[in-house]
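The following paragraphs lead the reader through one protein structure. Please keep the sequence and the model in view while reading.

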Amino acid sequence: MMKLDSRVGEADGPTLGQEINLMDCYPKANRPITERGQKSTAEHIALAAQFGKDYFDGSRLTGYGGYHYHPRFWTDTVRRFRHHYDLADDARILDVGCAKGFMLHDFGLLMPKADLVGLDISEYALAHAKPEVADNLLLGNARSLPFEDKSFDLVISINTIHNLEPDECEMALAEIARVSKQHAFVMVDAWHNDEEKQRMTDWNLQARTVQHVDDWKSMFARCGYTGDYWWFIAT
Ligand SMILES: C[S@@+](CC[C@H](N)C(=O)[O-])C[C@H]1O[C@@H](n2cnc3c(N)ncnc32)[C@H](O)[C@@H]1O
C-alpha cells in the first residue's frame, strides 16, 4: 500500500488538503456493528443501495433505522465549519449528498444570508426534506455537478463519495474541486488497520469504495482533490 504524507509537495503534484476532524462535535452513535455483520443479507444490501425509504426510515439492517432532524446533530458542527473556514455571512455553500437537508437547515439558522445548495441522488430523501430548505435541494449525481467552476465558497460532502465505484469517486472528487473556490471538506469510509477494516466490513451495506486512509490520499492526489478530509471509521 502506497504511503503518502498528509501533505504532498508542489513538485509531486497538487498539494493535498488538510487531514482534519471537523466532525468532532457531531454526536457519537451507538452502532450495532456485530448484529448487522451477522444478520445483514444480500437483500438488505440491495435495499440500502436504492437510497429509498428502507435506507433512511427502515430498519437498522437496511440503513439508518430512522433519519430524523434534531438540532443536536448539526448545530455545533456547522459552527465549526463556519469558524474553521472563516465564512462570510453570505457565503455560498454546497452539500453533496445532502439527504433531507438537515445540515443545510442548520447552516441557514446560523447564517440566514448564506446561499445554500444541496444535491442528492435520493428522490425519497428530497421528497422528505426539511421543508425550510426543500427548495434549495437538487436531484443529481455527485459524479457530475451541475454548477459553474469555482462557484461555491465551501463544498462539503459527508459520508457520500464512498457510495460510488472507485472511478466515479475520482470523478466526484474532481467535480468538488472544480466547483469550489477554495474550500472543500469530505468525510469517507476508511480504515487504518485490520481491526477497523473488519468492523467496517461488518457495518458497511451500500458503500462501493471503502479503503485504507493512504489509498484515499493517493486517490485525492490522483484526481486533483485539494480540499480537506476526514474518515468515517466504524466504531
Ligand atoms: C450516509 S448518507 C449521508 C447523508 C448526509 N450527508 C449526512 O451526513 O447525514 C449518504 C447520502 O449520499 C447520497 N448518495 C448516494 N450516492 C450518491 C450519488 N452518487 N450522488 C449524490 N448523492 C448520493 C444518499 O442518497 C444519501 O443521502
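Strands here are DSSP runs of E with at least two residues, helices are runs of H or I with at least four residues, and both are numbered from the N terminus. The model is a predicted one, in which local features need pLDDT of at least 70 and side-chain atom pairs count only at pLDDT 80 or more, while totals for chains, interfaces and linings use all residues. Residues are numbered from 1 along each chain as its sequence is written.

Strand β4 (residues 152-158) pairs with β5 in the parallel sense, over 6 bridges; two strands pair if DSSP finds at least two bridges between them. Apart from neighbours within four places in sequence, V155 is in contact with L94, V96, I176, V179, S180 and A184, where contact requires C-beta atoms, placed from the backbone, within 7 Å.

Is β5 enclosed or open? Because 10 of its 12 residues are buried, β5 is largely enclosed by the rest of the structure. A residue is buried if 20 or more other C-beta atoms lie within 10 Å of its own, exposed if 12 or fewer, and partly exposed in between, with C-beta atoms placed from the backbone.

V155 also belongs to the largest nonpolar core, which has 61 residues; I93, L154, V155, I161, L173, I176 and V186 touch the most other members. Strand β5 (residues 180-191) gives the most to this core, with 7 residues. Such a core is a set of buried Ala, Val, Leu, Ile, Met, Phe, Trp, Tyr and Cys residues joined through C-beta atoms within 7 Å. In soluble globular proteins, nonpolar side chains tend to be buried together.

Helix α5 (residues 102-110) has F102, M103, L104, H105, D106 and F107 as its buried residues. Their cover includes α4 (71-85), β1 (92-96) and β2 (115-120). D167, by contrast, lies in helix α7 (residues 166-179) and counts as exposed because it has 10 C-beta neighbours inside 10 Å.

The ligand is surrounded by 14 residues, the closest being F51, G97, A99, S122 and A142; a residue is near the ligand if its C-beta atom, placed from the backbone, lies within 6 Å of it.

As a whole, the protein has 9 helices and 7 strands. Buried residues make up 40% of its 235 residues. Along its principal axes, the C-alpha trace spans about 45 × 45 × 30 Å.

Notes
Contact = placed C-beta atoms within 7 Å.
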